[in-house]
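I opened the notebook to look up a few things in this chain, going from single elements to the whole. The entries follow the order in which I looked.

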Amino acid sequence: MFIVQSLARAVFAGLLVLLGVGLGASAWAQHFDVELRTDKGPVAGSRISTDFYGDLGLAGQLPIDGLSGYRLFPAYFGDFPGGKYATANPGFQAFTGWFAVGEQIHFRALGRLQYWSPTTGKWGAAPAGVKITLFGGIPPEVVLGYSTNPSLWADQYAYYSAGTRFDSQGINGPLTALIDETKTGGTFHSHLDWKISASSGTPPVGAYMVTLELWSPVLAAGQPKYLASQPFHVIFESGINTQQMQQAFAARINPPCAAETLSWAVGEASCSAAANEAAAGATLTLDDNTAPATGSARFSCSSGRWGAPSQASCSLPPPPVCPAQTLSWTVEGQSCSATAPATESGQSQVLADNVAPALGEASFSCVAGQWSAPSRSRCAVPPPPPPPACGAQQLGWSVGGVSCSGSASAANSGQSVQIEDRQAPATGAARFECRSGQWSAPAAASCAMPPPAACSAQSMSWSVDGQACSAAAAAAASGTEQQLFDQTGPSVGDASFSCQDGRWSAPQRARCAPQVLAACAAQAVTWSEAGASCSGSLVAAASGASQTAVDSAAPTMGQASYSCSDGRWNAAATAPRCSAALPLACPSLALSWDVGGLVCSATVPETATGGSTVAVDQQEPLTGSARFACKQGQWSGASEASCQVPPPKPCGAQALSWVQAGERCEAVAPASPAGSLLQLQDSLVPNTGSASFRCTEGRWSEAAEALCQPPPGKALLPARAPTSPWTPSVQLPWERPRR
C-alpha cells in the first residue's frame, strides 16, 4: 500500500510541475487547444473524445478531477488583445481523418461557475456577479434574418451575440453554440473568445472553472452520427501566481472531504457523529455518545468523498424487564384476570383465566418495562355442557329388501350425516341424525342393485382372411350394439360389437377386405340452417370428388358442399347455408286508376317487393299520375292519384305565310293561348299584305281574309287556293323565294 501511495504522489507531483512550467511562461506566447478525435473515425456511432494539444506539452497527461472524473484543462486570462480579462485559449482543433468534410462541431455548457479562493485554498461557488462568457457562433439563419430585417430579428441576434454565460447559478444565454465546420480532410482549427467580468467591475483574483462537452448535430439515418464527448473542465487563472494555480489544481485532483454528519448502523442500531473537514487520504475515528444508541466508527477521505465506515460499533442499552404482575381484561362486561411472570422487553405472554365463573385468555406484550394493553382477548361465562355426542359407528338400512351399510363419523347432538354405500353388489345412501348420543332411524334412504355397467369408448379391431381392420367404438350402455366401419385403407370393412355389463363382445358379422374406393351415385340431399330447410341434388362422381348442391327454389334457398368418399357422400367442413327466399318482384304491367269518374292508365316497370313507383299517363284525352306499391309480388291500389282533362294547348311562336294570286306573303306569329285570333301584317318588300290566323289545340289555322300584293308594275297571276301555313317546306315553281 505504501509503494502504491508513493507512486501516486510522484505522478501527481509531476503533473503539477508540468502545469507549473506551462503557466510560468509568458501568457501572450502560449497557444493550446482542446483536440477532438473520434474513437472509430468518421462513421456513425463513433464517440467524440478530447485531449490536450499545444505549447504546454500536456497531451495524454491531463489530470483528472477527483470529484467528477473529468479531465482538467488549464487556461488563463490576459493572453488576448482584449486585455487581462480575456483570452482565446483554449481553442478547438481536429486533425485529418477524425471527421468528414462539412460537419459542424458545437459546444454544450454544463453545471455552474466554480471558484478557487487563494485566501481559503478551497473550491466553491463563484462570487455573486462574476461570470465567464464564451462567445460561440451565431446561427446562420439569425445572421441572415438580422441583415435583412433587423427589427424582427433583433432579439434573436442579441441573444446569441451576448454569448454563453457561466455564473454561480448556472448557464445564461445559449446552452449550446457552433464552434466551427470541418474543412478538407475533416479538419478545423478555431479559437473562440473567452471573457471574465464582474458586476463590481473587477473579478476577485483566483481560479475559475467551467464545464463543457462537445457534440455534432450531424445525422445518419435520422440519428445523431456522433456520440457526445465526455464532459471536461477548464480551470482559468485570473490574477494568481504559478504556485497558487498548482494549489487550485491540487484541490480538484485530490479534493478534501467537507465537514458533515456521518452515520453508520450495526444490526438495528443506528449511530451518527459530526466529521470535520479532512484532507484527501485522512482517516477519522468518530464517536456517538448520545442515547439511545452509542458506538464508534472510522471513516477515510478519498477524492472529496467519505468512504464506508470501518471498525464500526453501535448498540442500544438493554430495555428494562416487566415485573411479575396480575393483569386483567374485560370483554362485553365480563372480567377475567391472570398473573403474568417477569418478562423481558419485546416478549409477549398469553394469560389464561381458568377460574369460574368467567373464563378466557388475552395476550400482553412487555414494552420498555411496561405491560401493554391486552390483545386477542376473550372472556365469557361458559354455556352449560352440550348433550352427549354420537360416536363413529357402522350403520345399515334396507329399501325393498335390498340392504346397504356405511360408516358414520362422530357427530354432535343435532348434527346430521349423509352415509353412502358404494360397495357392490348393492349401492345407496341414507341420512342419520345424532340425538343425545343415539343415531336416529335412516331418512331419505335409497338402496338398490346397480344397473349393468356401460362400456367405455374404445378402439376395436377385427380380422377377416388375413386382412386387419379397426375403428373406434363410442361409449355405450350395456345391452346395446354398435356397427363400426373402417373406411381407411389399406383394408376396409365393418363389424358389430355388443356391450355386455361393461365389456365389449367379440366382433360379429365382420367384414374386412382390401380397400376399393367406390364412386358415389347421384343422390338427393337435404340440409338446414337456423330452422330453414333446403334440398338439392348431387350427380354421380368418383371417390374424392366434391360438389355443391344448390337450392334456388322458394320458399327457401341456399347451398351446401359434399365430398365423395368410397361411395358415400359426406358433408364438407364448410358450414351449409339455407335461408328464406327473397320475396317476389311485381311484374311490369299496365295499371289504371279512377279519379271522379275519369280513368287514366300507364305501364309501370318491374319493381322489387317493398318498393313503389309512380305511373304517369301523358296520352290525351286524359292525363294524370298515381303511385303504386309492390307487396309480396302484387301491385297495391293507387295512392296520390290524379286524372284530369288537360287544358287546351297554346300555340308557339311561328313564321306563317299566305298566298294570293300567286303572290306569297309571310309574318311571325307570337306565342298565343288557345282560341286567340291574330291579324298578321307583311310590310316587307317586295310583297305586302295581311291575313288572319286562329290558335286551336296548339296549331295555327289556315290564313283567312288574306291579302298579298306585288310591287307596282307586276302583273297578278290568276288566283288559287291558299297554301297551308305549315307545309311550305317545298318551293313551288310559281313561288318567289321565301324569306
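What does helix 3 (residues 150-161) span between its end C-alpha atoms, when a straight helix of twelve residues would span 16 Å at 1.5 Å a residue? I noted that helix 3 spans only 14 Å, the expected span being 1.5 Å times one less than the number of residues. Helices (H or I, at least four residues) and strands (E, at least two) are DSSP runs numbered from the N terminus. Just after helix 3, I found glycine 163 with a positive phi of about 80°.

Before going on, I wrote down that this is a predicted model, in which local features need pLDDT of at least 70 and side-chain atom pairs count only at pLDDT 80 or more, while totals for chains, interfaces and linings use all residues. Residues are numbered from 1 along each chain as its sequence is written, and side-chain values use heavy atoms, with hydrogens and water left out.

I turned next to helix 4 (residues 242-253), whose twelve residues reach 16 Å from first C-alpha to last, close to the 16 Å expected. The buried residues of helix 4 include Met245, Ala248, Phe249 and Ile253, where buried means under 20% relative accessible area, exposed over 50%, and partly exposed in between (1.4 Å probe, protein chains only).

For the strands, I looked up an open sheet of five with the order 4-13-8-9-10 and antiparallel pairing, two strands being paired if DSSP finds at least two bridges between them. Strand 4 (86-87) and strand 10 (170-172) stand at the edges with a single partner strand each, so one side of each has no neighbour in the sheet. Strand 8 (residues 130-135) is joined to strand 13 (residues 193-198) by six bridges, and threonine 133 stands opposite lysine 195 in strand 13.

I then checked alanine 342, in the loop between strand 26 (334-340) and strand 27 (348-353), and found this residue exposed at a relative accessible area of 53%. Apart from neighbours within four places in sequence, alanine 342 is in contact (heavy atoms within 4.5 Å) with Val321, Cys322, Pro323 and Ala324.

Last, I took the whole chain, which comes to four helices and 60 strands. The radius of gyration, taken over C-alpha atoms, is 60 Å, well over the 27 Å that the globule rule gives for 739 residues, so the chain is more spread out than a compact globule; that rule is 2.2 Å times the number of residues to the power 0.38.
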